[in-house]
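Hi,

Here is the structure I promised to pass on. Have a look through it first, and my notes follow below.

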Amino acid sequence: MSDPDSPVRFAVPDVVRRRAVSEGQDGLTWLSSLDDTLTSLEREWGITIGPALPGGTAAFVAQATTPSGDTAIVKLCTPGAAAGRHEAEVLRRADGRGYARLLRHDPSRNAMLLQSLGDRLDGLDLPYERQIDIMCATLLQAWSPVPDDLDCPTGADKANSLAQAILALWQSAGQPCDQAVIDSALMYCRDRAATYRPQSAVLAHGDPHPANILAVPESAPPQFRFIDPDGLAIEPAYDLGVLLRAWHEGIEGRHAHDIARAHARHLTRRTQVPSEAIWQWGYIERVSTGLHLLQIGQVAEGRLYLSTAEAISRTMR
(Lines give C-alpha, C1' and ligand atoms only; values in the text may rest on other atoms or scores of the structure.)
Protein backbone atom coordinates (compact mmCIF):
# COMPACT_ATOMS: atom_id res chain seq x y z
CA MET A 1 0.00 0.00 0.00
CA SER A 2 1.28 3.48 -0.86
CA ASP A 3 2.80 5.72 1.78
CA PRO A 4 0.17 8.44 2.38
CA ASP A 5 2.96 11.07 2.49
CA SER A 6 4.58 10.03 -0.81
CA PRO A 7 3.67 11.80 -4.08
CA VAL A 8 0.88 10.17 -6.08
CA ARG A 9 1.84 9.31 -9.64
CA PHE A 10 -1.59 8.39 -11.00
CA ALA A 11 -4.23 11.04 -10.24
CA VAL A 12 -7.73 9.59 -9.87
CA PRO A 13 -10.61 11.58 -11.45
CA ASP A 14 -12.93 13.06 -8.84
CA VAL A 15 -15.98 11.10 -10.04
CA VAL A 16 -14.09 7.80 -9.72
CA ARG A 17 -12.73 8.79 -6.32
CA ARG A 18 -16.25 9.61 -5.07
CA ARG A 19 -17.51 6.27 -6.38
CA ALA A 20 -14.75 4.38 -4.58
CA VAL A 21 -15.30 6.29 -1.32
CA SER A 22 -19.03 5.50 -1.51
CA GLU A 23 -18.17 1.78 -1.52
CA GLY A 24 -16.83 1.89 2.03
CA GLN A 25 -13.69 0.16 3.23
CA ASP A 26 -13.22 -1.94 0.08
CA GLY A 27 -13.30 1.20 -2.06
CA LEU A 28 -10.95 3.10 0.27
CA THR A 29 -8.47 0.22 0.17
CA TRP A 30 -8.69 0.16 -3.64
CA LEU A 31 -7.95 3.89 -3.75
CA SER A 32 -5.03 3.81 -1.36
CA SER A 33 -3.34 0.94 -3.22
CA LEU A 34 -4.11 2.12 -6.78
CA ASP A 35 -0.70 3.72 -7.39
CA ASP A 36 1.08 0.54 -6.33
CA THR A 37 -1.30 -1.61 -8.36
CA LEU A 38 -0.76 0.39 -11.55
CA THR A 39 3.01 0.45 -11.06
CA SER A 40 3.09 -3.32 -10.60
CA LEU A 41 0.99 -3.82 -13.73
CA GLU A 42 3.47 -1.73 -15.70
CA ARG A 43 6.25 -4.01 -14.55
CA GLU A 44 4.40 -7.30 -15.03
CA TRP A 45 2.78 -6.47 -18.37
CA GLY A 46 5.66 -4.43 -19.76
CA ILE A 47 3.50 -1.38 -20.37
CA THR A 48 3.75 2.34 -19.68
CA ILE A 49 0.54 3.85 -18.28
CA GLY A 50 -0.42 7.46 -18.93
CA PRO A 51 -2.80 9.79 -17.06
CA ALA A 52 -6.43 8.82 -16.49
CA LEU A 53 -8.76 9.41 -19.41
CA PRO A 54 -11.97 11.42 -18.96
CA GLY A 55 -15.39 9.81 -19.06
CA GLY A 56 -15.05 6.92 -16.63
CA THR A 57 -17.23 6.88 -13.52
CA ALA A 58 -16.54 3.55 -11.82
CA ALA A 59 -13.05 2.61 -13.03
CA PHE A 60 -9.59 4.06 -13.49
CA VAL A 61 -9.13 4.10 -17.28
CA ALA A 62 -5.94 5.26 -18.98
CA GLN A 63 -4.01 4.89 -22.20
CA ALA A 64 -1.04 2.55 -22.08
CA THR A 65 1.86 1.86 -24.41
CA THR A 66 2.76 -1.80 -25.02
CA PRO A 67 6.32 -3.16 -25.44
CA SER A 68 5.82 -3.10 -29.23
CA GLY A 69 4.91 0.60 -29.12
CA ASP A 70 1.20 0.06 -29.75
CA THR A 71 -1.50 1.88 -27.82
CA ALA A 72 -3.87 0.01 -25.50
CA ILE A 73 -6.28 0.85 -22.69
CA VAL A 74 -5.79 -0.18 -19.07
CA LYS A 75 -8.91 -0.39 -16.92
CA LEU A 76 -9.26 -1.08 -13.20
CA CYS A 77 -12.83 -1.20 -11.87
CA THR A 78 -13.69 -0.23 -8.32
CA PRO A 79 -14.62 -3.28 -6.21
CA GLY A 80 -18.32 -2.39 -6.18
CA ALA A 81 -18.45 -1.81 -9.93
CA ALA A 82 -16.81 -5.15 -10.63
CA ALA A 83 -19.08 -7.13 -8.32
CA GLY A 84 -21.63 -9.26 -10.14
CA ARG A 85 -20.42 -8.29 -13.61
CA HIS A 86 -18.83 -10.56 -16.19
CA GLU A 87 -17.06 -7.95 -18.29
CA ALA A 88 -13.73 -9.67 -18.76
CA GLU A 89 -15.34 -13.06 -19.40
CA VAL A 90 -17.65 -11.64 -22.08
CA LEU A 91 -14.73 -9.87 -23.77
CA ARG A 92 -12.53 -12.96 -23.61
CA ARG A 93 -15.15 -15.20 -25.17
CA ALA A 94 -16.03 -12.63 -27.86
CA ASP A 95 -12.38 -12.42 -28.97
CA GLY A 96 -13.02 -9.16 -30.83
CA ARG A 97 -16.40 -10.09 -32.37
CA GLY A 98 -18.53 -7.02 -31.69
CA TYR A 99 -16.43 -6.08 -28.66
CA ALA A 100 -13.08 -4.49 -27.89
CA ARG A 101 -10.44 -7.21 -27.73
CA LEU A 102 -9.20 -8.25 -24.27
CA LEU A 103 -5.40 -8.37 -24.33
CA ARG A 104 -4.56 -9.12 -20.69
CA HIS A 105 -6.58 -9.75 -17.54
CA ASP A 106 -5.74 -9.96 -13.85
CA PRO A 107 -8.95 -10.97 -12.02
CA SER A 108 -7.39 -10.58 -8.58
CA ARG A 109 -6.98 -6.84 -9.22
CA ASN A 110 -9.99 -6.31 -11.52
CA ALA A 111 -7.44 -5.16 -14.12
CA MET A 112 -7.80 -5.41 -17.89
CA LEU A 113 -5.68 -4.38 -20.85
CA LEU A 114 -7.93 -3.67 -23.82
CA GLN A 115 -7.73 -2.90 -27.50
CA SER A 116 -7.59 0.86 -28.07
CA LEU A 117 -10.51 2.15 -30.13
CA GLY A 118 -11.54 5.51 -31.59
CA ASP A 119 -14.37 7.94 -31.01
CA ARG A 120 -17.51 7.06 -29.07
CA LEU A 121 -20.65 6.81 -31.15
CA ASP A 122 -22.40 9.49 -29.12
CA GLY A 123 -19.67 11.96 -30.08
CA LEU A 124 -20.07 11.56 -33.85
CA ASP A 125 -23.08 13.88 -34.27
CA LEU A 126 -25.22 11.26 -36.02
CA PRO A 127 -29.04 11.11 -35.89
CA TYR A 128 -30.22 8.66 -33.27
CA GLU A 129 -31.81 6.43 -35.91
CA ARG A 130 -28.42 6.09 -37.58
CA GLN A 131 -26.84 5.30 -34.21
CA ILE A 132 -29.53 2.65 -33.71
CA ASP A 133 -28.63 1.01 -37.01
CA ILE A 134 -24.93 0.93 -36.14
CA MET A 135 -25.62 -0.58 -32.72
CA CYS A 136 -27.98 -3.19 -34.16
CA ALA A 137 -25.37 -4.31 -36.70
CA THR A 138 -22.74 -4.56 -33.98
CA LEU A 139 -25.02 -6.45 -31.58
CA LEU A 140 -25.66 -9.04 -34.29
CA GLN A 141 -21.91 -9.69 -34.25
CA ALA A 142 -21.63 -9.57 -30.46
CA TRP A 143 -24.45 -11.92 -29.38
CA SER A 144 -23.34 -15.50 -28.76
CA PRO A 145 -24.71 -18.62 -27.07
CA VAL A 146 -24.63 -18.57 -23.27
CA PRO A 147 -21.74 -20.79 -22.08
CA ASP A 148 -22.78 -23.63 -19.78
CA ASP A 149 -20.06 -22.71 -17.29
CA LEU A 150 -20.92 -18.99 -17.00
CA ASP A 151 -23.20 -18.16 -14.08
CA CYS A 152 -24.69 -14.78 -14.98
CA PRO A 153 -28.08 -13.14 -14.32
CA THR A 154 -30.95 -14.47 -16.42
CA GLY A 155 -33.80 -12.70 -18.18
CA ALA A 156 -36.12 -13.60 -15.31
CA ASP A 157 -33.61 -12.22 -12.80
CA LYS A 158 -33.36 -8.96 -14.74
CA ALA A 159 -37.11 -8.52 -15.11
CA ASN A 160 -37.72 -9.16 -11.41
CA SER A 161 -34.93 -6.84 -10.26
CA LEU A 162 -36.17 -4.05 -12.54
CA ALA A 163 -39.70 -4.42 -11.18
CA GLN A 164 -38.42 -4.06 -7.62
CA ALA A 165 -36.26 -1.07 -8.55
CA ILE A 166 -39.05 0.72 -10.44
CA LEU A 167 -41.51 0.47 -7.57
CA ALA A 168 -38.94 1.48 -4.92
CA LEU A 169 -37.58 4.43 -6.94
CA TRP A 170 -41.06 5.68 -7.86
CA GLN A 171 -42.12 5.71 -4.22
CA SER A 172 -38.90 7.24 -2.88
CA ALA A 173 -39.04 10.00 -5.52
CA GLY A 174 -42.55 11.01 -4.48
CA GLN A 175 -44.37 9.28 -7.36
CA PRO A 176 -43.01 11.58 -10.11
CA CYS A 177 -45.04 10.03 -12.96
CA ASP A 178 -48.53 8.63 -13.51
CA GLN A 179 -49.57 5.42 -11.75
CA ALA A 180 -50.54 4.04 -15.18
CA VAL A 181 -46.91 4.28 -16.33
CA ILE A 182 -45.73 2.23 -13.35
CA ASP A 183 -48.55 -0.30 -13.76
CA SER A 184 -47.62 -0.89 -17.41
CA ALA A 185 -43.93 -1.22 -16.60
CA LEU A 186 -44.61 -3.75 -13.84
CA MET A 187 -46.99 -5.71 -16.07
CA TYR A 188 -44.30 -5.92 -18.75
CA CYS A 189 -41.73 -7.04 -16.13
CA ARG A 190 -44.06 -9.91 -15.18
CA ASP A 191 -44.50 -10.82 -18.85
CA ARG A 192 -40.75 -10.88 -19.55
CA ALA A 193 -40.00 -12.91 -16.42
CA ALA A 194 -42.73 -15.44 -17.30
CA THR A 195 -41.59 -15.85 -20.92
CA TYR A 196 -37.88 -16.33 -20.13
CA ARG A 197 -36.55 -19.55 -21.64
CA PRO A 198 -32.87 -20.54 -21.37
CA GLN A 199 -32.89 -21.92 -24.90
CA SER A 200 -33.86 -18.51 -26.29
CA ALA A 201 -31.18 -16.60 -24.39
CA VAL A 202 -27.93 -15.15 -25.69
CA LEU A 203 -24.91 -13.81 -23.86
CA ALA A 204 -26.02 -10.19 -24.07
CA HIS A 205 -24.20 -6.94 -23.42
CA GLY A 206 -26.71 -5.68 -20.85
CA ASP A 207 -26.17 -1.94 -21.35
CA PRO A 208 -25.52 -1.16 -25.03
CA HIS A 209 -25.89 2.59 -25.50
CA PRO A 210 -24.06 5.12 -27.70
CA ALA A 211 -21.43 5.91 -25.04
CA ASN A 212 -20.53 2.20 -24.81
CA ILE A 213 -19.63 1.68 -28.48
CA LEU A 214 -16.53 3.04 -30.18
CA ALA A 215 -15.26 3.26 -33.74
CA VAL A 216 -12.51 0.96 -34.97
CA PRO A 217 -9.77 3.32 -36.21
CA GLU A 218 -9.13 3.37 -39.96
CA SER A 219 -11.73 0.68 -40.67
CA ALA A 220 -13.35 0.76 -44.09
CA PRO A 221 -16.29 0.53 -44.21
CA PRO A 222 -16.56 1.99 -40.69
CA GLN A 223 -16.84 -0.62 -37.95
CA PHE A 224 -17.64 -0.32 -34.26
CA ARG A 225 -17.03 -2.33 -31.10
CA PHE A 226 -18.83 -2.36 -27.76
CA ILE A 227 -17.11 -1.86 -24.40
CA ASP A 228 -18.24 -2.30 -20.76
CA PRO A 229 -20.55 -5.34 -21.06
CA ASP A 230 -22.42 -6.52 -17.97
CA GLY A 231 -23.02 -10.04 -19.30
CA LEU A 232 -26.59 -11.36 -19.09
CA ALA A 233 -28.22 -14.65 -20.12
CA ILE A 234 -31.26 -13.03 -21.68
CA GLU A 235 -33.27 -12.79 -24.89
CA PRO A 236 -31.74 -10.50 -27.56
CA ALA A 237 -34.76 -8.21 -27.25
CA TYR A 238 -33.41 -6.91 -23.95
CA ASP A 239 -30.36 -5.26 -25.52
CA LEU A 240 -32.61 -3.79 -28.21
CA GLY A 241 -34.94 -2.46 -25.52
CA VAL A 242 -31.98 -0.55 -24.08
CA LEU A 243 -31.52 1.07 -27.50
CA LEU A 244 -35.23 1.84 -27.72
CA ARG A 245 -35.47 3.53 -24.31
CA ALA A 246 -33.67 6.71 -25.45
CA TRP A 247 -35.38 7.06 -28.84
CA HIS A 248 -37.62 9.97 -27.83
CA GLU A 249 -37.86 11.64 -31.23
CA GLY A 250 -41.43 12.30 -32.35
CA ILE A 251 -43.08 10.61 -29.34
CA GLU A 252 -45.65 13.25 -28.45
CA GLY A 253 -49.23 14.22 -29.07
CA ARG A 254 -52.11 11.89 -29.81
CA HIS A 255 -49.96 9.54 -31.91
CA ALA A 256 -47.19 9.08 -29.31
CA HIS A 257 -47.88 5.38 -28.78
CA ASP A 258 -48.04 4.62 -32.50
CA ILE A 259 -44.75 6.42 -33.15
CA ALA A 260 -43.03 4.60 -30.29
CA ARG A 261 -44.31 1.28 -31.63
CA ALA A 262 -42.92 2.19 -35.06
CA HIS A 263 -39.51 2.69 -33.47
CA ALA A 264 -39.69 -0.84 -32.03
CA ARG A 265 -40.63 -2.25 -35.44
CA HIS A 266 -37.59 -0.49 -36.94
CA LEU A 267 -35.39 -2.48 -34.57
CA THR A 268 -37.14 -5.67 -35.67
CA ARG A 269 -36.43 -4.88 -39.32
CA ARG A 270 -32.75 -4.45 -38.48
CA THR A 271 -32.40 -7.64 -36.40
CA GLN A 272 -35.42 -9.94 -37.01
CA VAL A 273 -36.01 -10.00 -33.23
CA PRO A 274 -39.77 -9.99 -32.39
CA SER A 275 -41.14 -6.50 -31.91
CA GLU A 276 -43.37 -7.13 -28.88
CA ALA A 277 -40.47 -8.28 -26.71
CA ILE A 278 -38.38 -5.27 -27.80
CA TRP A 279 -41.33 -3.00 -27.02
CA GLN A 280 -41.83 -4.36 -23.52
CA TRP A 281 -38.16 -4.21 -22.57
CA GLY A 282 -37.88 -0.72 -24.07
CA TYR A 283 -40.82 0.55 -22.01
CA ILE A 284 -39.43 -1.03 -18.83
CA GLU A 285 -36.01 0.47 -19.47
CA ARG A 286 -37.45 3.91 -20.32
CA VAL A 287 -39.25 4.05 -16.98
CA SER A 288 -36.47 2.56 -14.85
CA THR A 289 -33.85 4.81 -16.44
CA GLY A 290 -35.96 7.92 -15.94
CA LEU A 291 -36.42 7.12 -12.26
CA HIS A 292 -32.73 6.32 -11.83
CA LEU A 293 -31.72 9.63 -13.44
CA LEU A 294 -33.94 11.49 -10.99
CA GLN A 295 -32.31 9.61 -8.13
CA ILE A 296 -28.77 10.67 -9.14
CA GLY A 297 -29.75 14.29 -9.71
CA GLN A 298 -30.01 14.36 -13.52
CA VAL A 299 -33.51 15.80 -13.22
CA ALA A 300 -34.06 17.28 -16.68
CA GLU A 301 -33.01 14.09 -18.46
CA GLY A 302 -34.96 11.91 -16.05
CA ARG A 303 -38.13 13.92 -16.61
CA LEU A 304 -37.68 13.57 -20.39
CA TYR A 305 -37.73 9.77 -20.08
CA LEU A 306 -40.75 9.80 -17.79
CA SER A 307 -42.74 12.38 -19.74
CA THR A 308 -42.20 10.33 -22.90
CA ALA A 309 -43.43 7.22 -21.06
CA GLU A 310 -46.50 9.19 -19.93
CA ALA A 311 -47.21 10.30 -23.50
CA ILE A 312 -47.05 6.68 -24.63
CA SER A 313 -49.28 5.51 -21.78
CA ARG A 314 -51.95 8.13 -22.40
CA THR A 315 -52.27 7.24 -26.08
CA MET A 316 -52.31 3.44 -25.75
CA ARG A 317 -55.39 1.81 -27.27
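**Aromatic pairs and a helix contact**

Y188 and Y283 are both buried (under 20% relative accessible area with a 1.4 Å probe, protein chains only; over 50% is exposed, and in between is partly exposed). Bear in mind that this is a predicted model, where local features need pLDDT of at least 70, side-chain atom pairs count only at pLDDT 80 or more, and totals for chains, interfaces and linings use all residues. Residues are numbered from 1 along each chain as its sequence is written, and side-chain values use heavy atoms, with hydrogens and water left out.

Searching the whole structure turns up six aromatic pairs (Phe, Tyr or Trp rings, the six-membered one for Trp, with centres within 6.5 Å; planes under 30 degrees apart are stacked, over 60 edge-to-face, the rest tilted). One of them is Y128 with W247: the centres are 6.3 Å apart and the planes sit at 65°, so this pair is edge-to-face. Y128 is in helix α5 and W247 in the loop between α8 and α9, 119 residues apart (helices are DSSP runs of H or I, at least four residues, numbered from the N terminus). W247 is buried, at 3% relative accessible area.

Y188 and Y283 also pair edge-to-face, at 5.5 Å centre to centre and 85° between the planes. Y188 belongs to α7 and Y283 to α10, 95 residues apart. Ring pairs join Y188, W279 and Y283 into a cluster.

Y188, Y283 and W279 are also among the residues that make the contact between α7 and α10 (heavy atoms within 4.5 Å).

Cheers

Conventions
Helix = DSSP H or I, 4+ residues; strand = E, 2+ residues; numbered from the N terminus.
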